Amino acid sequence: QVQLVESGGGLVQPGGSLRLSCAASGFTFSNYVMKWYRQAPGKERELVARITKDGGSTNYADSVKDRFTISRDNAKSTVYLGMNSLKPEDTAVYYCSAASSWVVRGKYWGQGTQVTVSS
């Protein structure tokens, strides 16, 4: 069956770094744009990063640009989100999704991983 499994979340101090991973299975990973979303308590789900099918281009929300880095390894069917200079406002559940194109919603979604930035 199709699965997207996020990992790497946890508790970090402000200014710290964390790398999230999303391992995919059950579909042809390289045929999908991969996206990271996040949802903080009481807030709407926010698209934070996207990466093309071949990993050649990326896009970020203004709130995370220059701090977060999305990457993918198609040989491992895994997409990553590197997070640097973390702020308390980055606290959220982070979700991985797979979409058929740049502009459509994800067809597949992971269960989410919690990131908490707090001192």
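Trainee: In this predicted model, what makes Phe-29 and Val-79 count as residues that Arg-72 touches?

Mentor: Contact requires heavy atoms within 4.5 Å. Leaving out residues up to four places away in sequence, Arg-72 touches Phe-29, Ser-30, Tyr-32, Val-33, Met-34, Ile-51, Thr-52, Lys-53, Gly-55, Thr-78, Val-79 and Tyr-80. Arg-72 itself belongs to strand 7, residues 68-73.

Trainee: Which backbone oxygens lie close enough to the side chain of Arg-72 to count as polar contacts?

Mentor: The limit for such a pair of N or O atoms is 3.5 Å. A polar atom of the Arg-72 side chain lies 2.8 Å from the backbone oxygen of Tyr-32 and 3.5 Å from the backbone oxygen of Lys-53.

Trainee: Which residues have the most contacts inside the largest nonpolar core?

Mentor: That core has 31 residues, and those with the most contacts inside it are Leu-4, Met-34, Trp-36, Val-79, Leu-81, Met-83 and Tyr-94. Strands that each supply at least two residues of this core include strand 4 (33-39), strand 7 and strand 8 (78-83). Apart from neighbours within four places in sequence, Leu-81 is in contact with residues including Leu-18, Trp-36, Val-48, Phe-68, Ile-70 and Tyr-94.

Trainee: How many aromatic pairs are found in the whole structure?

Mentor: There are four aromatic pairs. In one of them, Phe-27 and Tyr-108 are 4.8 Å apart, centre to centre, with 35 degrees between the planes. Stacked pairs have planes under 30 degrees apart and edge-to-face pairs over 60, so this pair is tilted. Phe-27 lies in the loop between strand 3 and strand 4, and Tyr-108 lies in strand 10, 81 residues apart. Both Phe-27 and Tyr-108 are buried.

Trainee: Why is the pair of Tyr-37 and Trp-109 called tilted?

Mentor: The ring centres of Tyr-37 and Trp-109 are 4.8 Å apart and their planes stand at 45 degrees, so this pair is tilted. Tyr-37 is in strand 4 and Trp-109 in strand 10, so the pair ties together parts 72 residues apart in sequence.

Trainee: How do you know whether Tyr-37 is buried or exposed?

Mentor: Buried means under 20% relative accessible area. Tyr-37 has 10% relative accessibility and therefore counts as buried. Trp-109, with a relative accessible area of 28%, is partly exposed.

Conventions. Residues are numbered from 1 along each chain as its sequence is written. This is a predicted model: local features need pLDDT of at least 70, side-chain atom pairs count only at pLDDT 80 or more; totals for chains, interfaces and linings use all residues. Side-chain values use heavy atoms; hydrogens and water are left out. Helices (H or I, at least four residues) and strands (E, at least two) are DSSP runs, numbered from the N terminus. A polar contact is a pair of N or O atoms within 3.5 Å; within protein, one must be able to donate a hydrogen and the other to accept it, and residues adjacent in sequence count only if both atoms are side-chain atoms. A nonpolar core is a set of buried Ala, Val, Leu, Ile, Met, Phe, Trp, Tyr and Cys residues joined through side-chain atoms within 4.5 Å. Buried means under 20% relative accessible area, exposed over 50%, partly exposed in between (1.4 Å probe, protein chains only). Rings of Phe, Tyr and Trp (its six-membered ring) pair if their centres lie within 6.5 Å; planes under 30 degrees apart count as stacked, over 60 as edge-to-face and the rest as tilted.
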